[in-house]
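Please look through the model below before reading on, keeping the chain and its ligand in view together. The paragraphs after it go from the overall division of the chain to single residues.

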Amino acid sequence: MTTESAPPRMRIVRHPLKYRLLEVTKVDRVTPGTVRVTFAGEALEGFCEQAPTDHVKLCFPEPGAELPVEPVVENDTWMDAPVEPITRDYTIRHYRRAERELDIDMVLHGTGIGSTWAEQAEPGMRLGVFGPRGSEEIDFVHDWYLLAAEETALPALARWIEMLPAGVKVIAFAEVPGADDEQEFRTVTDLDLTWLHRGSAPAGSTDLLERAIRAAELPTGLGFAWIAGEATTLKPIRRHLRGERGLGKEQVDVDGYWKRGVANHDHHEDDHEQA
Ligand SMILES: Cc1cc2nc3c(=O)[nH]c(=O)nc-3n(C[C@H](O)[C@H](O)[C@H](O)COP(=O)(O)OP(=O)(O)OC[C@H]3O[C@@H](n4cnc5c(N)ncnc54)[C@H](O)[C@@H]3O)c2cc1C
């Protein structure tokens, strides 16, 4: 394959690493299981976001404390420190630069410091927002996109379909508990979005996304697949796309956003499997 015809690479665009203490100004239920928390503050000056999967580390207070521990940053690097902040990854759902307002959609899944905080969130509370460290950028030059997500990755899926160019073919699958958990997204793409209902089955326990992707008729031409959700359920999807579908490694981005039974799953853990 010549350089000219090679699929475009994903590039990491680095941003200055910054910690911001922000105040909650609004809390909305987007669906029965997801809370949208709006953070605001002058500290958002210089905040960067540009790619669909851009995310920050929310820094939560220790139980009983009012404010989070501040991460130590030296020379644009997060340093080890005697006391580390409690962090979890969350997608930037919206950033309104002029208003200096940031929306984060947080899934209420029952346990966990992030979910518990979101359940109790109310205006006036403060939280640390660390990052984003960088943006994963790809050129939107593909003929089609395959996107799939469960609730935790719906904010990123929404950003994909809001950012992709007019008229491009997008085949998307979104797994949620039921019809009440579906959301509406604005898009200028040629979007074919299928909602998959898992009913009372626990999150991360079904193969709904895998079966939908296996059965999907994919267009011809150069495609790109982005899939995110529970890490274990995504492994067979990654194998299917790279193996049976024959997509090259530059065409597939499968990201385990959380893992059943694991607190604060490291989503870079499976990076080697993308190769
Ligand atoms: C790049 C990236 C972007 C993300 N964006 C978002 C986002 O925008 N919104 C969002 O809600 N989440 C998002 N996540 C997922 C979120 O970081 C995890 O769900 C995280 O584990 C939540 O922290 P917690 O403190 O609530 O639970 P943890 O303390 O991490 O985990 C406690 C227990 O809950 C389980 N658990 C974690 N998440 C879920 C879940 N969704 N359903 C059922 N059980 C779960 C764990 O397996 C563990 O057993 C993102 C993750 C990544 C890597």
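This is a predicted model: local features need pLDDT of at least 70, side-chain atom pairs count only at pLDDT 80 or more; totals for chains, interfaces and linings use all residues.

The protein chain falls into two parts, domain 1 covering residues 12-134 and domain 2 covering residues 140-274. Taken as C-alpha centres, domain 1 and domain 2 are 24 Å apart, and the two are joined by contacts in which 20 residues of domain 1 meet 20 residues of domain 2. The size of an interface is often expressed as the accessible area that is lost when the parts come together. For domain 1 and domain 2 this buried area comes to about 1,500 Å², with carbon and sulfur atoms contributing 54% of it. On the side of domain 1, Pro52, Thr53 and Arg93 together supply 37% of the area buried against domain 2, which is more than any other three residues give.

Turning to the polar side of the same interface, the count between domain 1 and domain 2 is five residue pairs in polar contact, where both residues have pLDDT 80 or more. Sorted by class, the side of domain 1 that touches domain 2 is made up of six nonpolar, seven polar and seven charged residues. Two salt bridges are found across the interface of domain 1 and domain 2. In a salt bridge between Glu49 and Arg159, the closest N and O atoms are 2.7 Å apart.

The ligand comes next. It is surrounded by 26 residues, the closest of which are Asp89, His109, Gly114, Lys259 and Asn264.

Which parts of the chain does the salt bridge between Arg100 and Glu42 link? The side chains of Arg100 and Glu42 meet with an N to O distance of 2.7 Å, and the pair links distant parts of the chain, 58 residues apart, with Arg100 in the loop between S8 and S9 and Glu42 in the loop between strand S3 (34-40) and strand S4 (55-60). In the model as a whole, the count comes to 20 salt bridges.

Two details of the backbone remain. Most residues other than glycine have a negative phi, and most peptide bonds are trans. Arg100, although not a glycine, has a positive phi of about 55°, and its loop runs between strand S8 (94-96) and S9. The peptide bond from Gly131 to Pro132, in turn, is cis, with omega near 5°. Pro132 is placed in the loop between strand S10 (126-130) and strand S11 (134-137).

Key. Residues are numbered from 1 along each chain as its sequence is written. Side-chain values use heavy atoms; hydrogens and water are left out. Domain bounds come from an automatic or database domain assignment. Contact means heavy atoms within 4.5 Å. Buried area is the accessible area (1.4 Å probe) that two parts lose on being put together, summed over both. A salt bridge is a side-chain nitrogen of Lys or Arg within 4 Å of a carboxyl oxygen of Asp or Glu. A polar contact is a pair of N or O atoms within 3.5 Å; within protein, one must be able to donate a hydrogen and the other to accept it, and residues adjacent in sequence count only if both atoms are side-chain atoms. Ala, Val, Leu, Ile, Met, Phe, Trp, Tyr, Cys and Pro count as nonpolar, Asp, Glu, Lys and Arg as charged, and the others, Gly among them, as polar. A residue is near a molecule or strand if one of its heavy atoms lies within 4 Å of it. Helices (H or I, at least four residues) and strands (E, at least two) are DSSP runs, numbered from the N terminus.
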